[in-house]
Amino acid sequence: MDTTLVERARDGDRDAFASIAAESIDRLFATARAVLRDADRAQDATQEALVRCWRDLPTLRDPDRFEAWLRRLLMHAITDEIRRGRRFDAKVRLIPEDDVVEPAAAYEDRDRLDRAFRRLSVDHRAVLVLHHLQGLSLPEVAEALGIPLGTAKSRLHYALDAVRASLEADERSPMIEEVLA
Amino acid sequence: MITTASVERRIAAMLADEGLVRAPESALADVLTVVDGTTQRRRTWPSPVIAVPRMDSRQRLIVALAAALLIAGIVVAGALLARPPDPSKDLSSLVILEHQPFIEGGPPRPVGVVAIARDGSQRSVMTIEPSQLDGRYSEWYAGLSVDGHLVVPTTTEGGASAPAVLDLRDPTAHAISPDAEGAFPHFGPDGRLAMSQNDGRVAIFDPLTARTSRIDAAAMIGLAEHDFGPVWTAEGGLLTTTGPAVDGHVTGQVDPDDLTTTSDAHPYYAGVGARRVDHDGRLLRCDPASDESCEGLITLHAITDASPVVWTQSDMSVRVIDYAWAIDGGIWILTETAAAGPRTVELLHVDMKGGSESIATLSGGADDPDPSSYSQAASFAAFSSDDARIVVAVAGQPPQLWSVDPRARRSTRLPDGIVAGWLAPNALSAPRPQVERAPELPDAIRGEWTRDHLQISVRRRSIDIGTHGVLGATTATVAPDGSVQIIEAKGTCAGITGTYQVESGGDALRLTAVDDACPDRIALLAGSYERALGHPDTGSVPIVPGTRYVATDFTVPFRVTIPAGHAAYVDSNKRDFLNISAMIEGSMATVTLVVPQGDILQPCGVSPTGKRTPYPDWVPAFLDKLIEVDFEQVGFLDVGTEPTRLVRAIPRDDTCEQAASFATAQSFHSIPIAPSTPMGVIERGGVHILILLARKPDSTAEVAWVRDLLGSIEWLQ
């Protein structure tokens, strides 16, 4: 990020902030969506992070730290979004019979992976997303989440272990035909 | 065999694909619109030094004199304002409810209540016998009033949590309970108890009259979000907030008896929660842009208009875990070491210049070994009014209580348990007002009732009417003659007391106006009511087996008869979630009616009837079909033997391809609404969503109960 833009935005230049927002918004949205697994909530978290960014930018002492600081704001916004979430979240589509298509193995695999990913806590999803989607090193992940490096490492290890266990359990679960038999 | 390395590769590939997602087109414009109306904060760090022209000797002399005067003033003011606590000032005893080891399935046991004097001597002040409580004592919180009332939490069979108030002056008397569930109960300086309700209102309970009233103080939510309940002021008012909840700054107080007036706030230092608010109404909290966990690099802010930073934690090897205002204007901070293994807890005193002083260190246990969870090593449990005794609860099984004397730098281990508060030497002997306790309404009419979409709750000594139409912030209490006195704080009947008679007959309740000068209220309230399935504040509440109820608040209203023979409970969020359960032969059967959030969507807009199908049209139909379902077939969830198809719940933002692939995925998919809760979605015959769960459905008695319950449903639309 151009530090001159950051400094101008910090001094109240809305055009400069608009440039920053335009440059950042897709990356923030993709990260939020990957953690939250919900586009609407990801949009809310992204908006919240950018508004907080504008509001609190004067408190940022070092413009070189802007990227890390913005990531941290996003993670806080995601946490708040989770906290605001309902106790359950059942959004349902009906699949018409005549829309049936042959399932592709790749989709099934991605579906299983997605389900396992959703079963992780948001803390664990966040570590995976920052590490693998944003390509941050673990020290950078730790900084973005405001946690010690050791905690980031253990969360990554636990998250991968949990996904693996979840995938294995999924493979063992009975198909409906077996249940009804 | 799946390896962790292969999982990591697959996740990396999935996330790499997701990284290509772009924000919706309108997102940037939305952000900039909000930003246009948002003011930036002031800088919290110093601006660069501005070059000043060299001064001559006369100017330097003037500046030096001014600086000397300023320093002298600060020293004098500091000496006046930051006087050390007077050790003889607070002679109160610390009251602790002794720890009770929880034994699964075991009978409730007596709970000892001890008072610990300033010199460390202990004496028993009462023993809470299980027979004194309507529910079971729950080791969660405790509070003590200035005149000796003790509040403890109890839980009932259905899981609801209700406060019970005991009296140290009459230690064998049965507890009395507020007519309200509630959280964070705090006694005020006049002995009344205030607590936050889940609906955003604040319930006020007077242990002397046993009357409960409620106030609509929506701004109080701002405080509740910071994990403490209503904050009493020294004048007997309640602190409230203004402005958005995130930055809510404390600006005034409301009068619990008159919501129309506000005045300046002078906080009452009872309880740890209120120690987050100082005499000027400044709320102390973590970085406003941060969450509440205070993880990592945190700053503490005194929330006022300027929101100044008062403390910055920069050492990543320790974490700030609790903080509170000190009476000298500084801050008490608890930290823990962040490294793995047993942790060290440190109590610091921080002055407003940022200087910190270590007061005490304590040994804390290691964090939960589960890397996905965290429990802090310690928290503040109580402060004496002179700050001469600071009680710290160190996490453990059970937690350890320590009393720290900051002047002597001495830490003393206290009995294990829950801190209730401070008992002044004259607390149990000072005269109390002689007032009459409100009579109780008959058991038979307690519960939820409704007529014409007006829902009321008949409690033990009051009727909760809430805000409806012309009624605003209603308080309805029972008079000694059994009539109900109703008064509003807002609305067209504000300030006018109406008297009503309550009668019951069969399944109906009748409210009749005896004396009411407000015809609008008579028109709204007077008449016949039928039993309603409510939406309780906390947990589940009992419902009467064999009784017919109406659920008018549910998206699709219905009537249902609760099968006789088993204790039953209801839990609901009012519109789209309603849980009816029964305890049957030691296990629980549960039927949950859920209206899915949002619309039912056909994937990718291929529906011949359009893109969206609103749910009210199909909900009655699918629930009609539900009754035909045979519940004895399947372990998790009955799907019958007919060609009933289970479909999985698909997140709304999945791709068309993903959605389509699920059409043939005929496997059972469960969605967790609570840990270990099986739940499913059934599609049946073309319309049809059903989400229902029944634990242990192989039990014949449970299945019969579920079938009877579903068979009794009468849809009202």
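pLDDT is the predictor's confidence in each residue, from 0 to 100. Every view below comes from a predicted model.

**Figure 1. The complex and its two chains.** The predictor gives the complex an ipTM of 0.79 and a pTM of 0.60. Chain A holds nine helices and zero strands. Its pattern along the sequence reads α-α-α-α-α-α-α-α-α. Chain B has eight helices and 45 strands. Of the 181 residues of chain A, 49% count as buried. For the 717 residues of chain B, the buried share is 40%. In chain A, 63% of the contacts with a separation of 6 or more join residues 24 or more positions apart. In chain B, 47% of the contacts between residues at least 6 apart in sequence link residues at least 24 apart.

**Figure 2. Confidence along chain A.** Chain A has a mean pLDDT of 73, and 76% of its residues reach 70 or more. Within chain A, helix H2 (residues 14-36) has the highest confidence, at 90. Helix H9 (residues 176-180) has the lowest, at a mean of 29. Residues 173-181 of chain A stay under 50 in pLDDT. The model has 10 contacts beyond four places in sequence for this stretch. Another stretch of chain A, residues 85-106, also stays under 50. For residues 85-106, the model has 49 contacts beyond four places in sequence.

**Figure 3. Confidence along chain B.** Chain B averages a pLDDT of 71, and 61% of the residues score at least 70. Strand S2 (residues 111-116) of chain B has the highest confidence in its chain, at 96. Strand S42 (residues 612-613) of chain B has the lowest, at a mean of 33. Over residues 218-226 of chain B, the pLDDT is below 50. This stretch has 23 contacts in the model beyond near neighbours in sequence. Residues 596-697 of chain B are likewise below 50. Here the model has 200 contacts beyond near neighbours in sequence.

Figure 4. Helix H1 of chain A covers residues 3-10. Its buried residues include A:Val6, A:Ala9 and A:Arg10. They span an arc of only 100° around the axis, which puts them on the same side of H1(A). Just after H1(A) comes A:Gly12, with a positive phi of about 100°.

**Figure 5. Helix H6 of chain A against helix H1 of chain B.** Two packed helices are described by the angle between their axes and the distance between the axes. From H6(A), the contact involves A:Leu128, A:Val129, A:His132 and A:Leu133. From H1(B), these meet B:Ile11, B:Ala12, B:Leu15, B:Ala16 and B:Glu18. The contact residues divide into seven nonpolar, one polar and one charged.

Figure 6. H2(B) runs over residues 25-36. Its buried residues are B:Ala27, B:Leu28, B:Val31 and B:Val35. They cover an arc of only 95° around the axis, which puts them on the same side of H2(B). The buried residues of H2(B) pack against H2 and helix H3 (39-56) of chain A. The face turned away from the buried side of H2(B) carries exposed residues: B:Glu25, B:Ser26, B:Ala29, B:Thr33 and B:Asp36.

**Figure 7. B:Asp147 in a loop of chain B.** B:Asp147 lies in the loop between strand S5 (143-144) and strand S6 (149-155) of chain B. A residue is buried if 20 or more other C-beta atoms lie within 10 Å of its own. B:Asp147 counts as buried because it has 22 C-beta neighbours inside 10 Å. Not counting residues up to four places away in sequence, B:Asp147 touches B:Gly191, B:Ala427, B:Ala430 and B:Arg432. B:Asp147 and B:Arg169 are 22 residues apart in sequence. In space they are 8.7 Å apart, C-alpha to C-alpha.

Figure 8. B:Gly329 sits in the loop between strand S18 (318-325) and strand S19 (331-337) of chain B. With 14 other C-beta atoms within 10 Å, B:Gly329 is partly exposed. B:Gly329 and B:Asp351 are 22 residues apart along the chain. Their C-alpha atoms are separated by 7.3 Å.

Methods. Residues numbered from 1 in each chain as written. Chains lettered and ligands numbered in written order. Predicted model: local features only at pLDDT ≥ 70, side-chain atom pairs only at ≥ 80, totals over all residues. Helix = DSSP H or I, 4+ residues; strand = E, 2+ residues; numbered from the N terminus. Buried ≥ 20, exposed ≤ 12 C-beta atoms within 10 Å, placed from the backbone. Contact = placed C-beta atoms within 7 Å. Arc of directions from axis to C-beta. Nonpolar A, V, L, I, M, F, W, Y, C, P; charged D, E, K, R; others polar.
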